[in-house]
Amino acid sequence: MNGLPPGPRMPVLLQTLGTWSRPTAFLERCRARYGKRFTVRLIGQPPMVMISDPEEIKEIFQAPPDVLHPGEGARILEPILGPNSVILLDEDPHLEQRKLMLPAFHGERMQRLAGLIADLAEREVASWPLEEPVALHPRLQRLTLEVILRAVFGLERGAQLDSLRGLLTRVLAFTESPLSVLPPLPRALTRVGPMARLERDSAEVDKLIYALIDERRRGAESSSDSASGEDVLSMLLAARHEDGSPMSPEELRDELMTALAAGHETTASQLAWAFERLAREQRVLARLTEELDSGSDDAYLTATINEILRHRPVLPNAEPRLVVQPIEIGGVLYPPGVALFANAYLLHHDPAVYPDPYAFRPERFLESPPGTYTWIPFGGGRRRCLGASFALLEMKIVMRTVLARFELCPAGDRAERARRRSITISPAGGGRVIFSERVAAEPDRREPAAVLA
Ligand code: HEM
């Protein structure tokens, strides 16, 4: 491992604390010292090489599947996601699982969920307080959880939804704790305290999910139209392996948990940043509100969302790619056992790629669309986020709903710094803003699908 790019020489414990407590500041300091690629060492992890040059990122995303293993690099998530999760697989099994899931997350298919998402957003936003500071993150988390349970799991309002929501809120809260990133603990330690409770709750969640799958499968068989629902589970129930067999209950359970874990906290944090930024960028907010009120196309809304994802990517890097066969990238030969990180945060703040990178300026994406290897909030290559269309649709709908009702201003003088929350980087104060009722314009009352088409 001697030929790896240089990186901080401080003890591993300090590097671990730095990445946990000041994630973006730590990355910036390393880049200032070591340049666009450097090696970080964390407790219990393989050497992690951070890469932020677009050409090198392209090579990572295009590397053959038997050379870099993102699935193996994400093993730490297995206790929550389960062994069949698309995120944890590599090579042929990954491709097969991804093919099964792609149609369910296709952009056009997502449009059919627009009405449901808009309805849920309206309900959530209706309870938000006015004229006082409000931290948006917990409210957005509640909303994105509801969206996944209704649009992905296909749950209707009722007891089943309430039980699953309650348990999942506890299980997901655990993923925010530093305990969740520890390597597997000895069995004796998992029999008491928070780990034991997590196990109990997870077992209960599994029971409910398997019951749901069973019920939906029996319902689909009796109606002989398994894809009749608009939700993602309906599509997965209709999906077939190459040999014609349906997905097993274990596969379905793991992919539902994957969608939940990958899509709930990410979208909530990204939206929290969106409002935190907009409250402090009144010029952008005014232009955006004008566009939304005029009912014209949503070019500026799209550009604003692209800029939020560039400026504050909630996942600072794509899934780590574990090297399993030696590979040369940018003139460095990486041996097996190293993890390569395509670092979105550093790439997105490289002045050679984005002039004035710390300025929040959606206009840059009106001038030229996001580049495949220069804008990577959803990662890239054959591992690119399956839920990107879902997340973009949800962000658009929630931003429209909020901006149609409220004016917003920041709740403090200083921009919120970045804080690690489970797998994401979130605003440290939760995205604190002050809302007031809009007086001027009428909200856009067209059908969401028509507005977003
Ligand atoms: C703003 C919200 C989101 C962001 C920023 C985000 C970002 C990402 C990133 C960076 C990756 C890793 C890609 C790579 O390593 O190349 C990923 C993977 C994934 N995401 Fe998302 N995601 C978001 C929302 C969602 C949603 C809503 C879902 C599903 C409902 C979802 C499902 C997935 C899945 C299944 C994968 C694994 C793909 C694979 O390994 O083949 N994500 N996401």
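This report describes the packing, the ring contacts and the iron site of a predicted model.

## Nonpolar cores

The largest nonpolar core holds 93 residues. Within this core, the residues with the most contacts are Leu140, Phe153, Phe275, Met399, Val402 and Phe435. Helix 13 (residues 249-280) supplies the largest share of the core, with twelve residues. Another core, of 21 residues, lies apart from it, and its members include Leu4, Val49, Ala63 and Ala342.

Phe153 can be looked at in more detail. Which residues does Phe153 contact, leaving aside its neighbours within four places in sequence? They are Ile148, Leu164, Ile209, Leu212, Arg216, Asp231, Leu233, Leu256 and Leu260.

## The buried side of helix 1

Helix 1 covers residues 12-21, and Gln15, Gly18 and Thr19 in this helix are buried. These three residues lie on the same side of helix 1 because they cover an arc of only 95° around the axis.

What do the buried residues of helix 1 pack against? Their partners are helix 2 (23-34), strand 1 (37-40) and strand 10 (418-421).

## Aromatic pairs

The model has six aromatic pairs. One of them joins Phe61 and Tyr373, whose ring centres are 6.4 Å apart. The angle between the two planes is 40°, and the pair is tilted, because a stacked pair needs planes under 30 degrees apart and an edge-to-face pair needs over 60.

This pair links distant parts of the chain, as its two residues are 312 residues apart. Phe61 belongs to helix 3 (residues 54-62), while Tyr373 is in the loop between helix 17 (364-367) and helix 18 (388-405). Phe61 has a relative accessibility of 4% and so counts as buried. Tyr373, with a relative accessible area of 23%, is partly exposed.

## A ring cluster and two charges over rings

Tyr354, Phe365, Trp375 and Phe378 form a cluster linked by ring pairs. Tyr354 also has a charged neighbour: Arg310 lies over the face of its ring, at 5.1 Å from the ring centre.

The charged end of Arg312 sits over Trp273, 5.0 Å from the centre of the ring.

## The iron site

Which residue is the only protein donor of the iron atom of the ligand? The donor is Cys385, through its SG atom, at 2.3 Å. Cys385 is located in the loop between helix 17 and helix 18. Tyr373 is also in the loop between these helices.

Key. Residues numbered from 1 in each chain as written. Predicted model: local features only at pLDDT ≥ 70, side-chain atom pairs only at ≥ 80, totals over all residues. Heavy atoms only, no water. Phe/Tyr/Trp six-rings, centres within 6.5 Å; stacked < 30°, edge-to-face > 60°. Helix = DSSP H or I, 4+ residues; strand = E, 2+ residues; numbered from the N terminus. Buried < 20%, exposed > 50% of the residue type's maximum accessible area, 1.4 Å probe, protein only. Lys NZ or Arg CZ within 6 Å of the ring centre and 35° of its normal. Arc of directions from axis to C-beta. Contact = heavy atoms within 4.5 Å. Donors = N, O, S within 2.8 Å, 3.2 Å for Na, K, Ca; no water. Core = buried A, V, L, I, M, F, W, Y, C linked by side-chain atoms within 4.5 Å.
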